[in-house]
Amino acid sequence: MTTLRLFINYFAPSAGVQTDGAHINFYLYNSATNDWKNPSHAPPVYSSAKVPVKPGGRREEFSIDLPLAQLWLSLAGQVRVSPGGQPTIFVAEPPDLLYPDADAFDFGPPWIALKDLTPGAGLSGNLWHINGPYTRVPDGSLYWQNNNRSLLGTWALKQVAGSGSAPMPPGGLSVSSDD
C-alpha cells in the first residue's frame with residue numbers, strides 16, 4: 001500500500017477579475033509507457049470527483065495498492081471568469097517540462113510518471129493555463145517582469161512513508177482531502 005499526498009497551490013486572480021467554480025480533477029493511469037497521446041489508451045484506474053479550489057493551498061491524500069513503476073498522474077482544472085462565458089482551462093505540467101497548449105487541449109492533461117517517487121521524496125510542477133480567458137492579467141507592475149500570466153499555480157506530489165490506515169475500497173484506492 002502506498003500513500004501519496006497531492007498539494008495544489010492555486011494563485012489568486014488579478015484584482016478586478018472575478019472567478020467562480022474553480023475546480024480540479026486528477027487521474028491515475030496504469031501503463032508501462034506514457035500513452036498520453038494515444039486516443040485509445042486504457043481508462044484511468046482512478047478519476048477524482050471535482051475538487052473545489054480557491055486561492056491558496058489544498059491537499060488531497062490517497063492510498064493506492066498498485067506499484068508506482070507504472071503509474072501516471074494527470075490533473076486538469078477549470079475556472080469560469082464571471083459573468084458566464086468561456087471557462088479557463090489549466091493542466092498540471094510535468095516537472096521541468098512545458099507541453100504546447102494545443103497538445104494539452106487536444107489530448108488532455110499530460111501524464112506525469114510516478115516511477116521515481118520514493119518515500120519522503122516528491123515531484124512538483126506548475127498549473128498552466130491552456131485555453132480560455134486569462135485570470136491573471138498583467139497590470140503594468142514590476143511583478144509581471146518575473147511572472148507569467150499563464151502560470152495559475154503549482155502542484156506537488158509526495159510519497160508519504162508508511163501505509164494508509166483507511167480500508168481499501170474496490171479498485172485499490174482511497175482518498176481524503178484537506179483544504
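The model is predicted, so local features need pLDDT of at least 70 and side-chain atom pairs count only at pLDDT 80 or more, while totals for chains, interfaces and linings use all residues. Residues are numbered from 1 along each chain as its sequence is written, and side-chain values use heavy atoms, with hydrogens and water left out.

Start with confidence. pLDDT is the predictor's confidence in each residue, from 0 to 100. The protein chain has a mean pLDDT of 86, and 89% of its residues reach 70 or more. Over residues 162-175, the pLDDT is below 50. Beyond near neighbours in sequence, that stretch still has 31 contacts in the model. A contact means heavy atoms within 4.5 Å. Where pLDDT is low, the predicted coordinates should not be read in detail.

Next, the strands. Helices (H or I, at least four residues) and strands (E, at least two) are DSSP runs, numbered from the N terminus. Two strands pair if DSSP finds at least two bridges between them. Strand β1 pairs with β5 in the antiparallel sense, over nine bridges. Here T3 stands opposite S63 in β5. Strand β1 also pairs with β10, again antiparallel, over eight bridges. There L4 stands opposite Q159 in β10.

Now look inside. In soluble globular proteins, nonpolar side chains tend to be buried together. A nonpolar core is a set of buried Ala, Val, Leu, Ile, Met, Phe, Trp, Tyr and Cys residues joined through side-chain atoms within 4.5 Å. Buried means under 20% relative accessible area, exposed over 50%, and partly exposed in between (1.4 Å probe, protein chains only). The largest nonpolar core has 28 residues, and L114 and L157 touch the most other members. At least two residues of this core come from each of β1, β2, β5, β6 (71-81), β7 (87-92), β9 and β10 (151-160). Leaving aside neighbours within four places in sequence, L157 is in contact with residues including L4, F62, L73, L114 and L123. Another core, of five residues, lies apart from the largest one; among its members are Y29, W36, W72 and Y99.

Charged side chains come next. Side chains of opposite charge can pair when their charged atoms come close. A salt bridge is a side-chain nitrogen of Lys or Arg within 4 Å of a carboxyl oxygen of Asp or Glu. How many does a search of the whole structure find? It finds three.

One joins R5 and E61, with the closest N and O atoms 2.7 Å apart. This pair links distant parts of the chain: R5 sits in β1 (residues 2-10) and E61 in β5 (residues 56-64), 56 residues apart.

Another joins D103 and K37, at 3.0 Å from N to O. D103 lies in helix α1 (residues 101-107), and K37 in the loop between β2 (19-30) and β3 (46-47), 66 residues apart. D103 counts as buried because its relative accessibility is 18%. K37, at 39%, counts as partly exposed.

E60 and R58 form a salt bridge too, with N and O 2.9 Å apart at the closest. E60 is buried at 3% relative accessibility, and R58 is buried at 13%.

Finish with a loop. K115 lies between β8 (112-113) and β9 (122-131). Is K115 buried or exposed? It is exposed, because its relative accessible area is 54%. Not counting residues up to four places away in sequence, K115 touches L68, A69 and L71. K115 and A69 are 46 residues apart in sequence, but their C-alpha atoms are 4.1 Å apart in space.
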